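Please open the model in a viewer and keep the selection panel at hand. The tour moves from one selection to the next.

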Amino acid sequence: MEHTLSRDGTRIAYERTGRGPSVVLISGAMSTGATTAPLAAELSDRFDVTVYDRRGRGASGDTAPYAVEREVEDLAALIEAVGGEASLYGMSSGGALALRAAASGLPVRRVAVYEVPYAMDEAAARSAAEYTEKLAAALGRDARGEAVVLFLRRTGLGEDMIRGARQSPMWPGMESVAPSLAYDDAVLGDGRVPVGPIASVTAPLLALAGGASDAWWHEAARAVAEAAPNGTYGTVAGQAHMVEPGVLAPVLTEFLGR
């Protein structure tokens, strides 16, 4: 694993595989670079793919206070380290970070995002605000388990499955990265599609949703694509939010390889 230093001195851990145009993969909540490594393997025959641990998780460091701008600076440092220009792919809330990074003027060639969880009606926006408030309160008490439960409930996981997760060997690892849930929440802003910033993304943009996903995922993807000057909406056949790397990779290859 290699490291680069972000502007504020935070060490960001990353790994590269493959050869070709540079692509940086951005994971979502409760995830590390290892989560996106299977997709990197699928893309590595056409691209130089970088996976990384976002700040506050995995082998990367962290520096208080957090701000979304610091994560954008992390990506700036990564892009510089891998050649000075890259395409971005972001999964879920990682897609929101990809959009923020592209809107900030980073040297981004193309941007692809998959199922960014934006609120598409007033009820969803209220739910996002309530989650933000409860998450901040839990993390303020360092109640990491409570924070993870809040996140799992927000993803729609049932109570029986949450109880099972708490008894699983994965739970300590989930609690260890719980503070970063606030980071993913921050990159989503007020939960709504950030039309203004996306409108400033001049790079070609592909917003994807799974063919088996609920309709609101498609509404969100369409809204992202429509907000971008060079945006395109697409679906990944047969997939839901936990998209299979082998199915997603050909879609990304066709777009990122143009």
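The stops below cover the sheet, the cores, a loop residue, a cavity and a pocket.

This is a predicted model, in which local features need pLDDT of at least 70 and side-chain atom pairs count only at pLDDT 80 or more, while totals for chains, interfaces and linings use all residues. Residues are numbered from 1 along each chain as its sequence is written, and side-chain values use heavy atoms, with hydrogens and water left out.

**The sheet**

Begin with the strands; helices (H or I, at least four residues) and strands (E, at least two) are DSSP runs, numbered from the N terminus.

Next, display E7 together with E8: the two pair in the parallel sense over 6 bridges. Leu208 stands opposite Gly234 in E8.

**The cores**

Which residues have the most contacts inside the largest nonpolar core? Select Tyr52, Leu75, Leu88, Tyr118, Leu205 and Val224, in a core of 42 residues. A nonpolar core is a set of buried Ala, Val, Leu, Ile, Met, Phe, Trp, Tyr and Cys residues joined through side-chain atoms within 4.5 Å. Buried means under 20% relative accessible area, exposed over 50%, and partly exposed in between (1.4 Å probe, protein chains only). Among the elements that give two or more residues to this core are helix H2 (68-81), strand E5 (86-91) and helix H10 (215-227). H10 gives the most, with 7 residues.

Now centre on Tyr118. Beyond residues up to four places away in sequence, Tyr118 touches Ala96, Leu99, Leu188, Gly191, Arg192, Val193, Pro194, Trp216, Ala220 and Val224; contact means heavy atoms within 4.5 Å. Another core, of 21 residues, lies apart from the largest one and includes Val23, Leu39, Ala40 and Tyr89.

**A loop residue**

Move to Ser6, in the loop between E1 and E2. Is Ser6 buried or exposed? Ser6 counts as buried because its relative accessible area is 4%. Leaving aside neighbours within four places in sequence, Ser6 is in contact with Ile12, Arg55, Arg70, Glu73, Asp74 and Ala77.

**Cavity and pocket**

On a 1 Å grid over the protein atoms alone, a cavity is a set of points where a 1.4 Å probe fits but cannot get out, and a pocket is an open set with protein on both sides within 12 Å along at least five of seven lines; lining residues have an atom within 4 Å of a point. Grid points are joined across faces, edges and corners, and a volume is the space filled by probe spheres set on the points.

The whole structure holds 1 cavity of 30 Å³ or more. The largest cavity contains about 40 Å³ of space, and its lining includes Tyr118, Leu208 and Val224. H10 supplies the largest share of that lining, 4 residues.

Finish at the largest pocket, with a volume of about 1,300 Å³. Select Met91, Ser92, Phe151, Thr155 and His241, the closest to its centre of the 45 lining residues. H4 gives the most to this lining, with 6 residues.

How values were computed. Pairing = 2+ DSSP bridges.
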